[in-house]
Structures are given as C-alpha cells and as structure tokens.
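User: I am new to this structure and would like to learn how to read its features. Could we go through them in turn?
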Amino acid sequence: PTQNRNQQSINISKQTMAIADCIDSQPKHVTFGDEQDSPADMASADTEQTDREWTTDARIFEYGSAANPDMKPIPVLVHPSSLHETGTTRVIPFDISDTLDIEDTACTAPNLMASFLRINVGDGIGTQVPNATSQAFYVIRGSGKTRLRSEEGEDKTISWNTGDLFCVPVTRNEMIHLCTSAESHGAAALYWIHDEPLCNYLGVTPNIKKFEPTLYKKEDMLAKVEEIKHETGDCHKKNRLGVLLGNAKCAQTKTLTHVLWSLLNSIPANTVQRPHRHNSVALDLCVSAKPGVYTLMGKEIDSNGFIIDPIRCDWVPGSAFITPPGWWHSHHNESDDVAWVLPVQDAGLYTHQRTLDIRFVDDELKLHREGRIRGSAFAITNKDYTQMVSIGAKVPEAKSGDKKNTGLKRVLSAECFLTSKRLKCTQVGNSVGKG
C-alpha cells in the first residue's frame, strides 16, 4: 500500500507539472550563447542546397481536380469458408493490397488486415504482429487455448470455444494458439483481424497498451441478446437485435478497441433490415445462416429507399466479405431461421473522430421529404449547439429590419480550452457570411 501511495503521488506530481508547463508555455526568445552560432553566422548561411532538397517532394495541385483524388476503390470481395475447411495448419490471409494499390503492407482494407487461422486438432500455430495497436480473434469453430507472453516474461493462457471472441493490445511477442478439439473439418478456425496496415501507413510503432487483453464468451453475448429481446426501442423498429462489443477502456466510443468495432447481429427469419451506411469499412463474418440469407450493397438509393443496381453477397457460414465504406447495404433473411453476422470495422477510430456518420435510410428519406439534407449524422442536440456560445462562439444580432444572416463573428478563442492538453493561444476570426 505504501508503494502504491508513493506511485500515485508521483503520477499526480507529473500531471501537475505537465499542466503547469502547458499553461506557462509561450514562444521563447532565443539567446545565442558561446556554444551556438551567432545571428550573423545563421543569417549568412548558404541555404541553396537545403532549399533545393526540401522542395524536391513538394507538389501543388489545382483544387478542383485534386480535392477528391482518383484512388482504387475498396471492392466487394469474399473470403470463402472452404479455405479453412481443409488442409494443413496455417494462416490464410485475406490480402487485397494489390487491388487497392497499397505497396507497403498486406491488407484487406486500408486500415485493417483480416485472415483465417486453420489449426488442426493437436496442432499449434504462432501469430506475431508487433506493429498493431489491436488484434481481435473470433472462434468460428473448435476449442483450444491461446498463450500470450508479456514483455515482462509472464505467460498468460486462456481457453476458447466456438463463438468466443478475444482481443489483445500491442503485443511484441508471439502468441501461440493450440487446438484441442473441433466439431467438424478436423480443425479449429479463427477469424483474425488487426490494424497493422494503419500503423504502417502512418509510419508509427505503438508502444503503449491502450487496453488489457479482453475475452468475450459466447454465452455472455447470447445472454445479453436474450435480455434485449424483451425490451423495446429503435433496434426492434429496424429489425435489429444484436449486441455491440465494448471495452471499459473505450468508455466514450463504446467500441471493441480504440480502432476496432464489432457487433454480433442477428436477423430474424423472413425479415429485412432496411439499408444503412457508414464511413467505416466492414469486414463481415457470417456466423450462421441457412440458404436465402444475403446482403445487398450499392452506392445509391432511390426515392423509396431501395438500393439502385445492388451487388448481392450471399451469406455462407464461416465466410467473410467486404462491405465498402459509404455504401448503402441491407440484410435479407428469406429463410425460416435466424441468421447471425459478426462485422469487424475500423469504426473505433471513426467514432473517436466523430466521423462514423452512420445513417439509416428511412431517417434520411424523412428529412429529404421535409426539404432537408443534413451534413452529419453525429448527434448534436440544439442545447449542445447553443451552448457553444459558452466557449467563445457568438452569433451577432441582426440590426433592426435586417433579415440577412450575418454569420459567426468570433469563431473561437482557444484560451477557453486552457487545460493540460491545449497550449495557450488565441484565434479570433473575422466575420463570415458577408456578401
């Protein structure tokens, strides 16, 4: 206990110092000493070579032609279950980096990489992705154990069964997965997704664990589904009955990790889940379905909320498919039994950025019929909007008889946000909306 109190005291002191340093932070006047070049030396320095080097990669584009660059789109593709139903113990990557014209990393989407693991009964396999902030493993079938060795050399081992899901944070060491039994195909199968492509694109290496290893048991997830079956709300209106998988360390976003998002979603027999869309990519795993269950996807909807020229993707248990970001998609169950799907998305990151922008078609049609098109589906109440005044926003009153909208005059003073996370500065905007 004494050690804990001392540690707490040290942490508090560090936080206090950080806040003080931030508040006192001001542009510093540089004083040249004996060990530094004088102002005259610096002023006379030859910059021609450095200027030439620094301008080598500079590109200047015309806005209209470059604001929405021509990039390879994320396609609708399937990773079939037949890949993990036969063969040796191995990793089966869902790598479409060539299709996306991404050269420096294997990926299934720009931010994510998905693979199947096939582990024959009695076999083990190692996985190691040191440059990922998050990894998620869903057990498609089989039972087994996974051992994770911490950087301190401590081994942690968990047991898993069909329908379980577990996540690990940044992990430098190899994880070992062992299959002890399987109900079919002589092997366990795991669906494995991580965010190494995002880290590789940014050129960063994660060095802080943002959450602890987390296990979601199948029976706990299904118990929660049973609980909400007896509740009322929007999920029932939209024929949605599923559970979002969150983490205590992601209290605001309510997501699987700070990058990953997942949902165990069911579609009742003979029902349709009307179209919706979101800015995150979805790497969907069909958990269970009978013939006659499928997803329709397309870039546009008509005035009745139906997808125009849709691509159909049939659900096959144990298969994964890609739902491109921004595409409208609807789920259809024409069978006589409930169907289950587990999408894994990079929506943890989008939710944190307030850019997920998930929209349901009937909500958007209602607004459109009222003559309104909203810019974002992010929930900002009228109270939230008006209270922006308390942090510096000001809407000037129109002069008597002047009906013209004069716009925001003083947009924001960052001094209103004087905290340990923000430097002291002031930004005063000119009036906008003139003319």
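Analyst: Let us begin with a pair of charged residues. In this predicted model, Glu 364 and Arg 359 are both buried. Their side chains meet in a salt bridge, at 3.2 Å from N to O.

User: Which residues are linked with Glu 364 and Arg 359 in a network of salt bridges?

Analyst: The network of salt bridges joins Arg 277, Asp 357 and Arg 374 to Arg 359 and Glu 364. The count of salt bridges in the model comes to 16.

User: Are Glu 370 and Lys 366 exposed or partly exposed?

Analyst: The cut-off for exposed is over 50% relative accessible area. Lys 366 has 53%, so Lys 366 is exposed. Glu 370 counts as partly exposed, at 41% relative accessibility. These two residues form a salt bridge whose closest N and O atoms are 2.9 Å apart.

User: What salt bridge does Glu 212 form?

Analyst: The side chain of Glu 212 meets that of Lys 209, at 3.6 Å from N to O. Glu 212 is partly exposed at 44% relative accessibility, and Lys 209 is partly exposed at 48%.

User: How should I read the nonpolar residues?

Analyst: In soluble globular proteins, nonpolar side chains tend to be buried together. Here the largest nonpolar core has 39 residues. Those with the most contacts inside this core are Leu 165, Tyr 191, Ile 193, Leu 256, Leu 260 and Leu 283. A second, separate core has 16 residues, including Ile 119, Ala 132, Phe 166 and Met 175.

User: Which residues does Leu 260 touch, beyond those up to four places away in sequence?

Analyst: Among them are Leu 112, Ala 136, Ile 193 and Val 344, as well as Ser 134 and Gln 345.

How values were computed
Residues numbered from 1 in each chain as written. Predicted model: local features only at pLDDT ≥ 70, side-chain atom pairs only at ≥ 80, totals over all residues. Heavy atoms only, no water. Core = buried A, V, L, I, M, F, W, Y, C linked by side-chain atoms within 4.5 Å. Buried < 20%, exposed > 50% of the residue type's maximum accessible area, 1.4 Å probe, protein only. Contact = heavy atoms within 4.5 Å. Salt bridge = Lys/Arg side-chain N within 4 Å of Asp/Glu carboxyl O.
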